[in-house]
Amino acid sequence: MSEAAFQAGFVRLVTDEGFLDRMRAGQARARGLTRREARDLCALARSPGLTVMRKLHLGFRLNKLLSMLPLTCRLLGTRRLAVEAKSFWANRAPVSFYFADEAEAFARFLETRRQSGLRVAYLDDVLAYEMALLLLKKPRAAGTDAPVVKVGFRHDPQALLGQLQEGLRPRCIRRKRTDLLGWADERGEAHWTAA
Amino acid sequence: MQLAGIAELGVGLNYQPQFQPYLEERWSEFDYIEIVPDIFWVDQGKGTLPRYSEDKVQSAFLDRMRQRVPVVLHSIGMSIGSAHNFDLEHVAEVGRWQRRLDCPWHSDHLAYHLADGSLAAAHGFSPGAEVNAGVTMPLRRDRVTLGRLVRRIEEVRRNVAAPFLIENNVYFVDLPGDEMGESDFLNTLCRQSGCGLVLDLHNVYCNSLNMGFDVHALLDRLDLSNVIEIHLGGGHRDGAYYLDSHSGPTPEPVWELLDAVLALAPNVKGIVFELFGSWYSLMGEQGLSSELTRMRETWRRYKREQALRWERCA
């Protein structure tokens, strides 16, 4: 099992910033290693190439959020996104290959943060819309019915989503209670209509 | 390795959803498509039934393309070097797609990305979960690793009815404790396991820049008779490092390596250009087309020279 422990430690250097920092400072030990493996892991932690691997890993994770939750990410802005993503990653090991899994978990994380006080204008509307899109775009087994989702907006969805899709941070969107129904066609494209 | 039955394909292009229109409209510019099968399904996780659900939209596109050109599988999900586990259900799914598409060969990377779940447990997740690094992790080149890989490749060959190729990895660190160099490791692995080689020349180029070795010294020691497919691609600089980002045209030194390798590799069946979809808009249709045209010229030259060599031998 020692080689498996070494690989887990090596992956942890790449995926866990806190562990990497502690290893570099000589304050952490990976469990289950031989003395040689522990020494090798310390050497890897100090290798400049490890920083590149970590950057690639973070790029891979960030790309999942940017491509699956583009409007939410734009609404948050670069600085807030970096803070929230870092906090999310610190408590969630990368356990899935899939973009949708990571995006769904991040959306749930943001929803929890919102309910516990995170204040970003229009976040409730945009997050609900993109969470519904994730559900609609999920691959379905043959023979299963496409889901229909309902999103209740508190602000004018056309103006709000339109500004975001144009690459703008939304401003002065009027309050307008609107319920939209969404479904996906055969090609997986989402369609929306007023409920 | 049994080379006799492997079909000769020619010039290949990787599949990315962003260039579906290009693939459909300009399919006369390439001879085959390389796909990452893992993006055509969703793995619901071990123990679920059915475990894999297919992405119907992308699969329908693939089925249309398969009517026109052959498809080869280039997996990223086997994690063949993982010490803690080897997922035979994943291998079986690759086998199902190989049969469905009648792929003449399939391949994966000489690396691992899945590690033991104790890391996930440290993060508060269930101990059974595996951690996915999302990058290809290098393997120690020693006898223990070799033995593990040989056993795994034997499993793959038992479960997938097409020759299996392994791709040389890109890496940014040297693992302490290597017992052999990269070429010797690849030669021994191919000899002992019966697999062939996808020689990614851009990976070799990247590694030589980042790790500071002579690329020709590596290629001189490599048994080029194992090379069945060659990968090309582009990258970019990021500080002191050069990244294998598949972000644009193949650099000139890699084209030179291609000529050098083809002059000595007798069994090459295809050359693939790999580009990530997110960079397609920068490279454009014309850029992609130029790349494939140059590959086509190189491939024709290779076949001409190979025919001449056969004539001389006869």
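1. His246(B) is found in the loop that runs between strand E13 (241-243) and helix H9 (252-262) of chain B. In this predicted model, the phi of His246(B) is near 50 degrees, a positive value in a residue other than glycine. With 21 C-beta neighbours inside 10 Å, His246(B) counts as buried, because the threshold for that class is 20 or more.

2. Most residues other than glycine have a negative phi. The position of Asp102(B) is in the loop between helix H3 (88-101) and strand E6 (106-109) of chain B. Asp102(B) has 12 C-beta neighbours inside 10 Å and therefore counts as exposed, whereas His246(B) counts as buried.

3. Lys46(B) belongs to the loop between strand E3 (41-43) and strand E4 (52-54) of chain B. Its count of C-beta neighbours inside 10 Å is 12, so Lys46(B) is classed as exposed. In sequence, Lys46(B) and His90(B) are 44 residues apart, while in space their C-alpha atoms are 9.6 Å apart.

4. For chain B as a whole, the secondary structure amounts to 10 helices and 14 strands. The radius of gyration of chain B is 19 Å, close to the 20 Å that the globule rule gives for 314 residues, so chain B is as compact as a globular protein of that length. Along the principal axes, the C-alpha atoms of chain B fill a box of roughly 60 × 45 × 45 Å, and 45% of the 314 residues count as buried. Among contacts in chain B between residues at least 6 apart in sequence, 76% join residues that are at least 24 apart.

5. Chain A has eight helices and three strands, and along the sequence these follow the pattern α-α-α-α-α-α-α-β-α-β-β. Its radius of gyration is 21 Å, well over the 16 Å that the globule rule gives for 195 residues, so chain A is more spread out than a compact globule. The box filled by the C-alpha atoms of chain A, taken along the principal axes, is roughly 65 × 45 × 30 Å. Of the 195 residues of chain A, 35% count as buried, and among its contacts between residues at least 6 apart in sequence, 58% join residues at least 24 apart.

6. The domain assignment of chain A gives domain 1 (2-46) and domain 2 (53-194). Taken over C-alpha atoms, the centres of domain 1 of chain A and domain 2 of chain A are separated by 35 Å.

7. Where the chains meet, 36 residues of chain A are in contact with 35 residues of chain B. On the side of chain A that touches chain B, helix H1 (2-15), helix H3 (35-45) and helix H4 (48-68) of chain A each supply at least two residues. H1(A) gives the most to this side, with 10 residues. Sorted by class, the side of chain A that touches chain B has 21 nonpolar, eight polar and seven charged residues.

8. Helix H3(A) can be described by its two sides. Its buried residues are Glu37(A), Leu41(A), Leu44(A) and Ala45(A). Seen down the axis of H3(A), these buried residues fall within an arc of 100 degrees, so they line one face of the helix. On the other side of H3(A), Arg35(A) and Arg36(A) are exposed. The cover over the buried residues of H3(A) includes H1, helix H2 (17-24) and H4 of chain A.

9. The largest nonpolar core has 99 residues, of which Leu197(B) and Leu201(B) touch the most other members. H1(A) contributes the largest share of this core, seven residues, and at least three residues of the core are drawn from each of domain 1 (2-46) and domain 2 (53-194) of chain A. Not counting residues up to four places away in sequence, Leu197(B) touches Leu165(B), Ile166(B), Leu186(B), Cys190(B), Asn226(B), Val227(B) and Ile228(B). A second, separate core of 27 residues includes Met68(A), Ala103(A), Tyr122(A) and Leu161(A).

Note on methods. Residues are numbered from 1 along each chain as its sequence is written. Chains are lettered from A and ligands numbered from 1 in the order in which they are written. This is a predicted model: local features need pLDDT of at least 70, side-chain atom pairs count only at pLDDT 80 or more; totals for chains, interfaces and linings use all residues. Two residues are in contact if their C-beta atoms, placed from the backbone, lie within 7 Å. Helices (H or I, at least four residues) and strands (E, at least two) are DSSP runs, numbered from the N terminus. Ala, Val, Leu, Ile, Met, Phe, Trp, Tyr, Cys and Pro count as nonpolar, Asp, Glu, Lys and Arg as charged, and the others, Gly among them, as polar. Domain bounds come from an automatic or database domain assignment. A nonpolar core is a set of buried Ala, Val, Leu, Ile, Met, Phe, Trp, Tyr and Cys residues joined through C-beta atoms within 7 Å. The arc is that of the directions from the helix axis to the C-beta atoms. The radius of gyration is taken over C-alpha atoms; the globule rule is 2.2 Å times the number of residues to the power 0.38.
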